Amino acid sequence: MKRYIYLFAIALILNSCSEVVEGINEDPNSITQSAYGNILTGAEVGNILLQTGESARRSGIFAGQYTGIDRQHLGFSQYNVTTSDFDGLWYDGFVNAYRNALVTEQSIIENEVGPVSQGITQVLQAQVIGTMASLYGDVPYEEAGFIEIPNPVIEEQEAVYGKIQNLLSEAITNLELNTGRPFGGSEIYFDGSPAKWLESAYTLKARFHMHTKAYVQAYQAASNGISSLSNSMYAPHGSAADNSNLNYQFFEIQVRQADLIVSDFMVSLLQPGSANPNPANYRGNSKTDETARFNFYFNSTSIGFQPNTINGYAAQEAPAPLVTLEENLLILAEAGLRSMNFDTGLGHLNDFRAFMSTGGYLRNIDMTQLKYEAYTQADFEAGGIENPDGISKEDALLREILEERYITLFGQIEPFNDVRRTLDDTGLRVPVNPNVGNQLPQRFLYPQTEIDRNDNLTTPIPDFFDPTAVNL
């Protein structure tokens with residue numbers, strides 16, 4: 001844990017410095033000289049920064065879950081973004097997370113540590129590169145992370161997704177060999193458990209198949225994915241200032257905490273009672289009570305609702321979701337409906353609801369404020385509680401699953417991916433509307449640091465509203 005706190009502190013300091021992007025292709029920490037265990041911990045900390053830090057908050061703004069009300073975050077909500085706004089986020093992905101994972105794998109191979117340790121680093125690499133491809137579109141992959149290659153080739157988004165699927169398959173093969181675990185304490189998610197990493201690898205395969213709308217393959221992968229809450233990948237956090245939950249640090253400690261609130265739209269989906277900003281949006285019905293989830297996610301503050309930093313989602317020691325059972329269950333529901341039939345989708349949605357009926361991923365809640373009874377086909381037939389507008393039962397079920405994903409994955413990057421992926425599902429997608437103009441954001445911009453130094457970037461440089469290839 002001391003190593004984790006130390007590396008987390010270093011990563012946070014680097015991430016907050018304005019000079020963070022200087023020498024992006026240099027190696028100031030000489031990480032190739034470090035023991036593989038330290039580098040592995042650093043890679044996992046870097047992944048936490050990418051998946052739960054500013055990239056996730058920015059994604060939440062663009063997906064309609066957050067609203068910026070002051071300074072830079074107000075500009076983000078108004079879609080006033082510049083290439084330099086993404087310098088640090090690119091660094092989070094390709095240096096703090098990916099380069100560390102790549103160097104860890106090289107060290108493991110050189111020192112003959114074993115296939116499980118190598119498989120873990122391969123899963124991390126795929127998780128990072130898949131996330132970066134989802135946000136930026138065409139990205140470097142095969143030449144990324146090598147300091148001797150200052151201008152890595154930019155590869156097409158769809159090709160990158162194919163390559164990370166292959167990498168995850170290699171990782172699964174290595175993990176199944178069940179030998180060569182990292183030494184105790186160096187792997188901070190699962191302490192090197194091959195079984196848990198194996199399930200995460202399958203859920204990541206399913207996630208990235210969802211990105212490319214390969215729903216048959218997504219369903220197949222998720223069928224081998226995360227099978228229990230205890231096998232979910234969560235970022236560990238603690239009570240020390242430097243290893244606290246990143247949302248806690250932002251909303252409770254940093255000077256920018258008053259710049260960002262939860263959007264009225266997001267609140268309206270979960271808030272019971274007359275205080276709801278748009279009561280017609282509330283998801284509660286005779287089989288559903290969202291009060292407990294609302295209280296887990298949000299606190300009311302003097303400027304509006306913000307994530308619950310007291311005893312809920314963003315509490316100081318709250319683990320942050322990275323790859324989870326709840327995501328896997330909802331992949332099975334959506335992919336099962338799209339690739340198979342109504343009954344398959346409904347069955348998996350009810351599996352999710354059964355999980356939630358016992359508290360699910362929520363913590364410190366009043367169980368009397370929670371209800372998730374099983375749905376039946378009649379609920380999705382015309383006139384049912386989930387189909388007041390008389391669409392087909394399949395469409396009504398899809399609409400419910402998409403909304404459930406939007407809420408369950410709150411604060412993560414995936415809702416931004418879902419909003420873009422389902423944009424053509426008119427009347428069924430989560431009805432996120434542009435904050436200004438008539439277009440929703442479609443991507444993160446290439447950072448100015450990369451534009452200035454990498455002649456291989458896609459030309460012309462894509463605009464903020466240009467869809468990535470998988471969302472055309």
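**Cavities, a helix pair and a loop aspartate**

Lining the largest cavity are Tyr234, Phe296, Tyr297, Tyr313, Pro319, Pro321, Glu326, Tyr361, Arg363, Thr408, Phe410 and Gln412. A cavity here is a set of points, on a 1 Å grid over the protein atoms alone, where a 1.4 Å probe fits but cannot get out, and lining residues have an atom within 4 Å of a point. This is a predicted model, with local features needing pLDDT of at least 70 and side-chain atom pairs pLDDT 80 or more, while totals for chains, interfaces and linings use all residues. Residues are numbered from 1 along each chain, and side-chain values use heavy atoms, leaving out hydrogens and water.

The largest cavity has a volume of about 90 Å³, taken as the space filled by probe spheres set on the points. The structure holds 5 cavities of 30 Å³ or more.

Then there is a helix pair. H13 (residues 325-339) and H14 (residues 342-357), both DSSP runs of H or I with at least four residues, pack at about 165°, their axes 6 Å apart. Axes are lines fitted to C-alpha atoms over the stretch in contact, and angles run from 0 to 180 degrees between N-to-C directions. That makes H13 roughly antiparallel to H14, the label for angles over 145 degrees.

Aspartate 138 sits in the loop between helix H6 (115-136) and strand S2 (139-140); a strand is a DSSP run of E, at least two residues. Leaving aside residues up to four places away in sequence, aspartate 138 touches Ile154, Glu155, Glu156, Gln157, Tyr446 and Thr458, with contact meaning heavy atoms within 4.5 Å.

Technical notes:
Angles under 35 degrees count as roughly parallel, over 145 as roughly antiparallel, 65 to 115 as roughly perpendicular and the rest as oblique. On a 1 Å grid over the protein atoms alone, a cavity is a set of points where a 1.4 Å probe fits but cannot get out, and a pocket is an open set with protein on both sides within 12 Å along at least five of seven lines; lining residues have an atom within 4 Å of a point.
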